Amino acid sequence: MTDAHRSDIESGLIENRTFAPSANWTSAGPGAEPVTPHIASMEQYREMYERSLSDPEGFWGDAAKELHWFAPWTKVLEWSAPDAKWFVGGKTNLSYNCIDRHIESGHGDDVAIIWEGEPMDGGPEIKRLTYRDLHTEVCKFANVLKSLGVKKGDVVTIYMPMVPELAIAVLACARIGAPHSVIFGGFSANAITDRVVDANSKVLITADGGWRRGSIVPLKENVDAACTQCDTLDHVVVVQRCGANIAWHHEPSNAHGKKRDHWWHDLMQAASADCPAEPMDAEDPLFVLYTSGTTGKPKGIMHTTGGYMVYTYLTSKYVFDLHPDANQVYWCTADIGWITGHSYIVYGVMPNRVPTLMYEGAPNHPTPDRFWSIVERHKVTQFYTAPTAIRAFMKWGDNHPRKHNLQSLRLLGTVGEPINPEAWMWYHRIIGHEKCPIVDTWWQTETAGHMITPLPAVTSTKPGSCTLPFFGVDAAIVSEDGVEQPNNTGGLLAIRKPWPGMLRGILGDRERFIETYWSRIKDASGEPYYFPGDGARRDADGFFWIMGRVDDVINVSGHRLGTMEVESALVSHEAVVEAAVVGMPHEIKGTGIAAFVTLGPGFDADEDLRTKLREHVGKEIGAIAKPDQIRFTDALPKTRSGKIMRRLLRDIAAGVEKVGDTTTLEDYTVLAKIRESKE
Ligand code: WT7
């Protein structure tokens, strides 16, 4: 929780309340027979939780048996910190578990994906794909990938808008064992280059463009620009979505003599719909997903097949209370380009055989009630979004949700950043009509799935707390030396045991993997704990309260950014000599970006340069990284050893009158000057 948010409680704006679960809650959709929640009581949670820690192999072995395996595992877990192998020797396929399994059980004509496009002229464009439709498309595209030379183990890069072809592409990769690397469509050409090169990817899937707030995001143009910086790509497959005017490259830049650009629809026309799912080893890689860390370079988080599948399946089932045949429609508003979309639009949800909704565009296009019109139109039962979106809805006004019938909603979820109690209460009252349990789910790209979260209608909820650990998660608040902290004492959040969804590494950087996650906290015997980078506290009921990152990572609108990444982008501009970036409280984004910039000689510190620097960062990283505040300053506050004192900058950016301890500051006059600097 940021200080601003904590003050919601302290100022008495929000009472510090506990919401007891409602006994007659059902997650069944309108008109369906009520269903009993998978976890029906707190006693059941406690019993299962105890077992999951004392007998993890028994617990996770049973969970895995709910899914399809081509060959069983010989051992559930092999653990030698920091390396875990789950379901050793087991063979499975995630695309098979998302699709084929349901056709085989007689549900081929059930709806798998509901998709709604952004443009609204003459009503929304809606597509519904059954498991059978999806099977055909995924098999065809898997054959397309093979025809382009993609083999098991080759990384396929995906840079697409939220269209059904995106889900089809990831499932096709999973089907043939080609790990995908999905890049969020809001990232820039440079971000594509870095990721394509790091993963040595030869094939990239994109679209001519994607719709966002009525405009076309020039995806293909960004890919073309990225291709001028790297020569690893042999093939670019292009979905025609917007009819955008795009350049076409017949030859690849690496002159391998192959044709570079291909239309998706041309390749699909020629492809066969017969492509049996490849039996994958449980520990074969499923995907790599880049996320920001404390250095300037994003890291490729690696997840493997079996553990990821079981973990995202089981968390989806219990946390969202998914039931097939109960008229549920599940909607997660994230983009598949983030881990939330990987795990909770596609991979965890689909094996549960509940339709998953994908929406292409912005929440306020053409009007600020777009999300609520989607909920009403598709009778959404479970709705999962980010606190930043909720704060935006609050600002846009209650009249927008009030225009729509939201009675289908049964459960609300949040993810990505701490939710301030005021936003929690608004969500509860205005969207949930005080009838829907809220699941505030704490987790990360690295954890694959929910780690600390309520179970709906079982766990009591407190606005702002992500409550209790999920099965198998041994979470604790510890000091720097690994000692568990008493209640209500802030400390580092640590995970003391392996769990099936845990990351298996950082692509090509073993050292960084160990250093980032497994070096900071150890138990008395020297056994490392997993360190997620968050600070937290636990209250007298054992509930967790996340206090935010304790490293140089900031969480902007639920998206992770490294301060150093933004600094590198700023100093790559000719006018900038030095830059320091810190987070600052922001009404909608939770955390905004404040940049302190020192200019080289001959550059004017004016509004024009400020705009140019913002644009520059947007071009280097993506629009989400554009600083909210840029202050020009003659120098940055440093310690005698030359370290930038970010703590002071954070205070200044937040407008704190009395900044913290300055005794280690090298030059006091710097501080006074920065205070005078204008935003
Ligand atoms: C970081 C992970 C999880 C998918 C989206 C973000 C913060 C995430 C919560 C929450 C408080 C949260 C943490 C975490 N975070 N969920 N419910 N309450 N903080 O994934 O980009 O990997 O970022 O987001 O700081 O470490 P990510």
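T447 sits in the loop that runs between β20 (438-441) and β21 (475-478). In this predicted model, T447 is buried, with a relative accessible area of 0%. Leaving aside residues up to four places away in sequence, T447 touches H303, Y311, W499, G501, M502 and Y530.

- On the contact side, 26 residues of domain 1 meet 22 residues of domain 2.
- Together the two domains bury about 1,700 Å² between them, and carbon and sulfur atoms give 49% of that area.
- How many salt bridges are counted between domain 1 and domain 2? The count is one.
- Elsewhere in the charge inventory, R560 forms a salt bridge with E446, and the closest N and O atoms of this pair are 2.7 Å apart.
- Polar contacts across the interface of domain 1 and domain 2 come to eleven residue pairs, with both residues at pLDDT 80 or more.
- On the side of domain 1 that touches domain 2, the elements giving two or more residues are α1 (3-10), α7 (189-199) and α13 (387-396).
- Of these, α13 supplies the largest share, four residues.
- By residue type, that side of domain 1 has six nonpolar, 15 polar and five charged residues.

**Helix α3 and its cover**

- Which residues of helix α3 (residues 56-64) are buried? They are G58, F59, W60, G61, A63 and A64.
- The cover over these buried residues includes α2 (42-54), β1 (75-80), β2 (83-88) and α10 (305-319).

- As background, most residues other than glycine have a negative phi, and most peptide bonds are trans.
- A81 and P82 are joined by a cis peptide bond, with omega about 0 degrees.
- P82 belongs to the loop between β1 and β2, and both of those strands turn up in the cover of α3.
- H365 and P366 are also joined by a cis peptide bond, here with omega about -5 degrees.
- You'll find P366 in the loop between β17 (356-359) and α12 (370-378).
- D325 isn't a glycine, yet it has a positive phi of about 65 degrees. D325 lies in the loop between α10 and β16 (330-332).
- Is D325 buried or exposed? D325 is exposed, at a relative accessible area of 60%.
- K379 is another non-glycine with a positive phi, about 50 degrees. Look for K379 in the loop between α12 and β18 (382-385).
- K379 counts as partly exposed because its relative accessible area is 48%, and the exposed class needs over 50%.

**Salt bridges**

- The structure holds 41 salt bridges.
- One of them pairs the side chains of D109 and R132, at 3.3 Å from N to O. D109 is in the loop between α4 (94-104) and β4 (111-116), while R132 is in helix α5 (residues 131-147), so this pair links distant parts of the chain, 23 residues apart.
- D109 is exposed, with a relative accessible area of 58%, and R132 is partly exposed at 40%.
- The side chains of K297 and D198 also meet in a salt bridge, at 3.4 Å from N to O. K297 lies in the loop between β14 (285-291) and β15 (299-304) and D198 in helix α7, so the pair ties together parts 99 residues apart in sequence.
- Both partners are partly exposed: K297 has a relative accessible area of 47%, and D198 has 27%.
- K462 and D539 form a further side-chain salt bridge, at 2.8 Å from N to O.
- Why does K462 count as buried? Its relative accessibility is 8%, and buried means under 20%.
- D539 is buried as well, with a relative accessible area of 7%.
- Finally, salt bridges that share partners join R51, D55, D62 and K65 into one network.

Notes
Residues numbered from 1 in each chain as written. Predicted model: local features only at pLDDT ≥ 70, side-chain atom pairs only at ≥ 80, totals over all residues. Heavy atoms only, no water. Contact = heavy atoms within 4.5 Å. Buried area = accessible area lost by both parts, 1.4 Å probe. Salt bridge = Lys/Arg side-chain N within 4 Å of Asp/Glu carboxyl O. Polar contact = N/O pair within 3.5 Å; in protein donor to acceptor, adjacent residues only side chain to side chain. Nonpolar A, V, L, I, M, F, W, Y, C, P; charged D, E, K, R; others polar. Buried < 20%, exposed > 50% of the residue type's maximum accessible area, 1.4 Å probe, protein only.
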